[in-house]
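I opened the notebook to look up a few things in this model.

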Amino acid sequence: LTIHFPELRILWCPSPHATAELFEALKIGQSQPSAETAATVGAEGEECKEQLYNSSAQDFLLKLPGVNTKNYRFILENVKDFQELVILSEKKLEEILGNNVNAKLLWNCLHNKPKPPTITSHSTNTHRGRGKGRKGKRGQ
């Protein structure tokens, strides 16, 4: 939840009684809220930026190298779609992200072919007869 709603604040209490005490302490000096006022909060004015973008697209973007929770919004606000992101130059990515290291990581991820894993001929089994996979019964 906190990734999709960074403005969300979570209060954790060990019991319902502690929760009631916490809310009572938070309410000191505050007037009783009205249902009408609460319903209109956030309804007028600028729409929450988090709701403007598809959460699946945000999750995908955050999995790319060089993209993090501090800079992914810059990409969402400056790039129309993934196709446009792929054709951006490394210099333009640096301007958007504000960091040449992150821009280089992202640009390399989008433009370099991945190398296939190397397969070695020797066994990678380091357990050598201990634990699971042992053939036969004990004592034989």
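**Cysteines, then the fold**

I looked up C13 and found it buried, with a relative accessible area of 18%. The model is a predicted one. The label follows because buried means under 20% relative accessible area.

Next I checked C109. C109 is partly exposed, at a relative accessible area of 35%. I then searched the whole structure for disulfides and got 0.

**Overall fold**

How many helices and strands does the chain have? I count 7 helices and 0 strands. Reading along the sequence, I get the pattern α-α-α-α-α-α-α.

I looked at burial across the chain. Of its 140 residues, 16% are buried. The accessible surface of the chain is about 12,300 Å². Carbon and sulfur atoms hold 56% of that surface.

I also checked contacts between residues at least 6 apart in sequence. Of these, 38% join residues at least 24 apart.

**E90**

Where does E90 sit? I find E90 in helix 6, which covers residues 90-97.

Is E90 buried, partly exposed or exposed? E90 is partly exposed, with a relative accessible area of 28%. That value falls between the cut-offs, because buried is under 20% and exposed is over 50%.

Which residues does E90 touch, leaving aside neighbours within four places in sequence? I list A103, K104 and W107 as its contacts.

The C-alpha atoms of E90 and L105 are 9.4 Å apart. Along the chain, E90 and L105 are separated by 15 residues.

Methods:
Residues numbered from 1 in each chain as written. Predicted model: local features only at pLDDT ≥ 70, side-chain atom pairs only at ≥ 80, totals over all residues. Heavy atoms only, no water. Helix = DSSP H or I, 4+ residues; strand = E, 2+ residues; numbered from the N terminus. Buried < 20%, exposed > 50% of the residue type's maximum accessible area, 1.4 Å probe, protein only. Contact = heavy atoms within 4.5 Å. Areas by Shrake-Rupley, 256 points an atom, 1.4 Å probe, with all protein chains shown as cover. Disulfide = S-S within 2.5 Å.
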